[in-house]
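Me: I have a structure open and would like to go through its features with you. Shall we take them one at a time?

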Amino acid sequence: MASHTHEVVPVDGTTRYPPRDEQLHRRLVYGDESALGEAYDAFGGLVRSVALRVSGNVPAAEEITREVFTYLWVCPYAFVPGRGSLRTRLSMLAHRRALTRVRAAEPEAGAADARPDAADAGSGAAEVNHAAPERAVPTPELRLHRALAALPLPQQEATHLACFAGRNYRQIAVELGIPEDMARFRLRSALRGLTDRLAEAGHPGGPAGPPEPPGPARPGQSGGRSAG
Amino acid sequence: MTADEGSGEHGPKGPDESGSAHGEDGGGAGAQGTPAESGAGSGPGRTAGHEAADEAGHEEVSRLLAAWALGAAMPGDDARVRAHLAGCRPCAAEAERLAATVRLLAGPAGGTAKSPARKGNAGLARGRLMASARAARPGHGPLAAHAAPYSGAVAGLEALLRELDDSPARWGTPVVHDWDVQGTLAHLIAADEVLAERLGLAPVTGARPSSAGAGAPWELRWVARTDEVVAYEHTRPTAETFEAWRTQAHGLLALPESADEQLAAAATTLMGLRLPVADHYVIRAFETWVHTRDIGRALGVTVPPPLPTHLQRMVGLAVRILDLALGPMARPVLLSVEGEAGGDWVLGSDAEPIAAELVLEAVDFCLLVGGRLEPGEIPRGHAGDAVASQRVLETAASLAWL
C-alpha cells in the first residue's frame, strides 16, 4: 500500500516541535515540578479523553492519565524534543497504555455479545461498570484503535492530532514541522489504512448494523480543543 | 479565494443541502456545525453535470477528503468539498467510508458527556497526580539560590541513572577518561565528598582514605582519592554506588548551608580554591552537570543545558575564577557571554584600555571551562587583539578542574 513511512526532512527551517516543548523538557529534567503541572494543564484533558475512548472506563482513564504524567515526570529523558511533539507523544502513550490495559482485562471474559455502542449509550453510572462484560469480543472501535496503534509513527502523530486533539491540517503541519501537503497526505494514508482494516475485518459492524449515514465526522469535540 | 469559488458553485445546491441533512447524525455525534455534516449525502442524485467535469477540482478534493472527514480541514475548504461531493459519486462514497471510520475512532468517548460533572474533581485529580509524582521522584525543601543549580543537576543525573534501571549492562558503557558510568559516578562521589566532609557529613563510600601523602599538594591527594573511590565502587553493585552518590548529594542539599545564604557566605578552601561555601555548591552543580552530559553522550541521550537561572550562576562563577586565573596584569578583554544566561565582563587589568572583545555562547563557555571544548573548536565572535583573546580562551580551558 501507498501508506508506508514517508519521513521527510522539513524543507524550511521550521523546528519539528514547538519550542515550548523544549523548555518544558528542560525543566522536567532538572526537577522543576511546576513544569509537570503545566504539562498536565495543557495536555491532561487530551490524555484523559484518549484513555477514555479506548478503555471506555472513567476510573481506568483517570489512572492511565496519572500513569502517563508520572512517567513524564520520572523519565523525562524519554521525551527528548525532536522526536514528535509532546502533545502527540503523550496522546500516543495514553492510547498505548489504554490498549494494553484493555488487552490485559480481556481474558476475564464476559458476555460474548459485545455491543460496541453500549459504551456510548450507557448512562452515567452504568459506564463505570460495563467495562468488564464488554471485553470478550473486540468491538470495531477497539479493533480500529489497535490498527491505529500499528500505523507508522508519522501517520499516528497526524491522526492523533486531527482526531483527538482537534487540530486542523495547517496546525498539524506546523506542529510536526512538515508542509501542509504532507500533513494531508499522512491523514489520508492513515484514514484509508484504517478504513481498509475495518473492511478486512469484515466489520461485523456491531449489531447496530452497518455503516451509519454519512456525515458528521466530528473529532476533537471533547477534550481535544480545550486540551490546547 | 477558493472559498468564494466554492460558495459560488454551492449556491444552486441549496435544496440539496437540506435534503441531505436527514442523513447525518448517527449517534450523539451531531453538534455545532462541523464540516462533514451533510457531507457525503450526495443525496438526490445531483444532476451529474458541470462540477464533475472538473478534474483538477476532483484531484484536489480527493487529497483533502481524509482531512475533511476527520474535521481537520480549514474552514474555507468545507464548501468546496461539499460542492464536489454533491456531484461526484466516487468521492461521495469514499467520504462516506472514511466518515464511518472516523465516527468509530473519534465518536464521543465513553464519559465525555459527564465532564462538566467531573469538573469539580479536576483539582483533586491534579493534586493526586502531583502527589504521586512527588512520591516517585521527590524534590527538595526550600533552597537558597546558590544551591538551586546543584539541586537541578542532581535531579537531572538521578533521572538519567534511573533510566538505566532497565538495562544494568549499560552501567558499563565507557564515558570519559577510563571510567564507565559507575566509575564516573564514583568520581563524582569523591568530588562531592570534599565539600561534604568540610560541612561535616559522614562518608558514604567505604573506600579507605589513603594514608599516602597527607602533606602532599591537594592535586596529588585528590587524584589518589578519586582513584581509590573509583576502584572501591567497582567492587560493589552499581545500585550501591548509585545509592551512595544519592545519599551524599541529597545530604548536601539537606544541610542548612544549602538554605541559608548567611551560613553559605563563609569562605573555605577546597581543591585549591578559596571561595564562599555558596560558590562551592555552584561548582558541584557545574561538575555534576558536565558529567551528566558526559554520561548522556555515552548513552546516546540528549542532556539539555542547565536551566537559565542555574546556567547564569555557573557562568558568573566561571568568569570570576577565570579572571583570578588571568591575574590583574593581563591585557583587558571584554567577554560577552550570549544567551539567556549571558552578561558582559571585563577580564584582566583595569588600568588599560580594552584590547579585545570576545563573544561566546553561555553553554559553549561552560563547556570550555569544563574542559569539554577546545579553544580551537569553540564558536566565537572576536574583535581586537587576537593574542589577548587567545590567552583568555586558553586560560579558560586550562581551568578544567573536572
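Predicted model: local features only at pLDDT ≥ 70, side-chain atom pairs only at ≥ 80, totals over all residues.

Me: What percentage of the residues of chain A count as buried?
Reply: The term buried stands for under 20% relative accessible area, exposed for over 50%, and partly exposed for values in between (1.4 Å probe, protein chains only). Chain A has 228 residues, and the share that counts as buried is 57%.

Me: Among contacts in chain A between residues at least 6 apart in sequence, what share joins residues at least 24 apart?
Reply: A contact here is a pair of heavy atoms within 4.5 Å. For chain A, with residues at least 6 apart in sequence taken into account, the share that joins residues at least 24 apart is 72%.

Me: How many aromatic pairs does a search of the whole structure find?
Reply: Rings of Phe, Tyr and Trp (its six-membered ring) pair if their centres lie within 6.5 Å; planes under 30 degrees apart count as stacked, over 60 as edge-to-face and the rest as tilted. Over all chains, the number of aromatic pairs is 5.

Me: What is the angle between the planes of A:Tyr71 and A:Phe79?
Reply: A:Phe79 is buried because its relative accessibility is 8%, while A:Tyr71 is partly exposed at 29%. Their rings form an edge-to-face pair, 5.7 Å centre to centre, with a plane angle of 65°.

Me: Which residue lies over the face of A:Tyr71?
Reply: A charge sits over a ring if NZ of Lys or CZ of Arg is within 6 Å of the ring centre and within 35 degrees of the ring normal. At 5.4 Å from the ring centre of A:Tyr71, the residue over its face is A:Arg97.

Me: How many residues apart are B:Tyr150 and B:Tyr281?
Reply: B:Tyr150 and B:Tyr281 form an edge-to-face aromatic pair, 6.4 Å centre to centre with 65° between the planes. The pair links distant parts of the chain, from helix H7 (residues 148-162) to helix H12 (residues 277-299) of chain B, and the separation is 131 residues.

Me: Why does B:Tyr150 count as buried?
Reply: B:Tyr150 counts as buried because its relative accessible area is 0%.

Me: How far apart are the closest N and O atoms of B:Glu193 and B:Arg225?
Reply: A salt bridge is a side-chain nitrogen of Lys or Arg within 4 Å of a carboxyl oxygen of Asp or Glu. B:Glu193 is buried at 9% relative accessibility, and B:Arg225 is buried at 12%. In their salt bridge, the closest N and O atoms are apart by 2.7 Å.

Me: Which helix holds both A:Arg197 and A:Glu200?
Reply: The side chains of A:Arg197 and A:Glu200 meet in a salt bridge of 3.7 Å, N to O. A:Arg197 is partly exposed at 43%, whereas A:Glu200 is exposed at 61%. The two are 3 residues apart, so about one helical turn separates them in chain A's helix H10 (residues 180-200).

Conventions: Residues numbered from 1 in each chain as written. Chains lettered and ligands numbered in written order. Heavy atoms only, no water. Helix = DSSP H or I, 4+ residues; strand = E, 2+ residues; numbered from the N terminus.
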